[in-house]
Amino acid sequence: MFEKKRISRLKWACRRGMLELDVLFMPFVEQGFEELDYAQQLVFERLLTCDDPDLYAWFMGHQKCQDPELASMVSHILSRVKV
């Protein structure tokens, strides 16, 4: 389980340089992060260390993430935001 200080850092890391990423990450960290198990939370934390152009390409479907754990997290986040 993540402590409050670590979650606060994650929320700050969710504020990206691209609006497209902000609208994915901010709601997810507020509403979906707590539902993840600890291993998935670590993967999400690692996802936030990736560069914005890579994240944008993965989330917009322009490229496939080669890391299976990160690719799974991208899919999970996208499934939560789709209506």
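## Ground rules

Contact here means heavy atoms within 4.5 Å. This is a predicted model, where local features need pLDDT of at least 70, side-chain atom pairs count only at pLDDT 80 or more, and totals for chains, interfaces and linings use all residues. Residues are numbered from 1 along each chain as its sequence is written, and side-chain values use heavy atoms, with hydrogens and water left out.

## Arg16 in its loop

Arg16 sits in the loop between α1 (4-13) and α2; helices are DSSP runs of H or I with at least four residues, numbered from the N terminus. Its relative accessibility is 16%, so Arg16 counts as buried (under 20% relative accessible area, 1.4 Å probe, protein chains only).

Beyond the neighbours within four places in sequence, Arg16 is in contact with Leu21, Asp22, Phe25, Leu48, Cys50, Asp52 and Leu55. For Cys50, the side chain of Arg16 reaches the backbone oxygen at 2.9 Å.

## α2 against α4

Helices α2 (residues 19-31) and α4 (residues 52-60) pack at about 70 degrees, with axes 10 Å apart. The two are therefore roughly perpendicular (65 to 115 degrees). Glu20, Leu21, Leu24 and Phe25 of α2 meet Asp52, Leu55, Tyr56, Phe59 and Met60 of α4.

## α2 against α5

With helix α5 (residues 68-81), α2 crosses at roughly 85 degrees, the axes coming within 10 Å. This pair is therefore also roughly perpendicular. On the α2 side the contact uses Leu24, Phe25, Phe28 and Gln31, and on the α5 side Met73, His76, Ile77, Leu78, Arg80 and Val81.

Note on methods. Axes are lines fitted to C-alpha atoms, for helices over the stretch in contact, and angles run from 0 to 180 degrees between N-to-C directions. Angles under 35 degrees count as roughly parallel, over 145 as roughly antiparallel, 65 to 115 as roughly perpendicular and the rest as oblique. Buried means under 20% relative accessible area, exposed over 50%, partly exposed in between (1.4 Å probe, protein chains only). A polar contact is a pair of N or O atoms within 3.5 Å; within protein, one must be able to donate a hydrogen and the other to accept it, and residues adjacent in sequence count only if both atoms are side-chain atoms.
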